[in-house]
Amino acid sequence: MTAAQKPVVTVLTAPGEPAPPGIEAIKARAVVRFACDEQTLRETLPGTDVMMVTDFRTDALEAAWPAADNLKWIHATSAGVDALMFPALIDSDVAVTNARGIFDRTIAEYVLCTILMFAKDFPGSIRLQMKREWKHRDTERAEGKQVLVVGAGSIGRQIARLVNAIGLHAHGIARTPRHDDPDFIAVHGNEELYEQLSHADYVVIAAPLTPQTEGLFDARAFAAMKPSARLINIGRGPIVKTEALIQALDAGEIAGAGLDVFEEEPLPADHPLWQRENVIMTAHMAGDFIGWNRALIDQFLENFDRWHKGEDLFNRVNKTLGYAGA
């Protein structure tokens, strides 16, 4: 096959981000181009057959979309594809796939860790250790508590499996109810959210960001939760209205929050969330494990093999719903 016959793959990274490790493996079968912003994408998109997008916040593709004259498939190296769900792409015939499955187990481990940190008050112990203060106190038992996973997809399922393993009880919220699910006591429909919030000791947001989930956790949602409940968000920041969360924490409507994602990232140093002792925060890293970036490329290469052979792609996103199904 000559170079002119090879498909063209454009890799869209964030500005300043290096080329994804392992992408050179595709060069024997494709012409590889790189872009990092709207201007470079406008230059590289003409003639591009396949795109791999590593910047999950990018708006460059929407801005450069008129230059996409031959695009057939876009792969996002993230579970969330909200930045790609602009009207022109949704209405096109271009297939979209995501990184479903890569981060599921690691995110579930993060959630389990956060639950146990709350139950055993590890933030309090670390603060005491930093002050060299010996202070015995009693902590909670995690066993028997109810965990409500909002977004009972592949990540939610892994969360349910891990929390069940230590004696917690997992319920789920999803678009379609499932009352015979092997990993959840029950998966309730979206319309049951507020009723189920009233029963949960830990509420875990594992849903994608869509028009239906944006701002879902507002004052009404927090008012529905138990005063002893904790919120854990490993989905997307805009699913939670930050001001409503702060008000709920201050009013004692909920007992705490574990946050890996935020409406504004990076979180400003003067943000009031930093000052709250009942809030555990990390820098959008719940799913990132040592070697994750190479695992993402390996997944893309596997799907590229399928595309190159004319086979069905896996992890195909339903562009109307904004996420990949089973």
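Asp305 and Arg29 pair up in a salt bridge, with 2.3 Å between the closest N and O atoms; the term covers a side-chain nitrogen of Lys or Arg within 4 Å of a carboxyl oxygen of Asp or Glu. Asp305 sits in helix 10 (residues 292-308) and Arg29 in the loop between strand 1 (8-12) and strand 2 (31-35), so the contact ties together parts 276 residues apart in sequence. Helices (H or I, at least four residues) and strands (E, at least two) are DSSP runs, numbered from the N terminus. Both partners are partly exposed, Asp305 at 29% relative accessibility and Arg29 at 27%. Buried here means under 20% relative accessible area, exposed over 50%, and partly exposed in between (1.4 Å probe, protein chains only).

This is a predicted model: local features need pLDDT of at least 70, side-chain atom pairs count only at pLDDT 80 or more, and totals for chains, interfaces and linings use all residues. Residues are numbered from 1 along each chain as its sequence is written, and side-chain values use heavy atoms, with hydrogens and water left out.

Across the whole structure, the search turns up 19 salt bridges. One of them joins Arg57 to Glu265, the closest N and O atoms being 2.6 Å apart. Arg57 lies in the loop between strand 3 (50-53) and helix 2 (60-64) and Glu265 in the loop between strand 11 and strand 12, so this pair links parts 208 residues apart in sequence. Lys131 and Glu133 form another, at 3.6 Å; Lys131 is exposed at 57%, while Glu133 is partly exposed at 39%. Arg157, Arg161, Arg178, Asp181 and Asp183 are linked in a network of such bridges.
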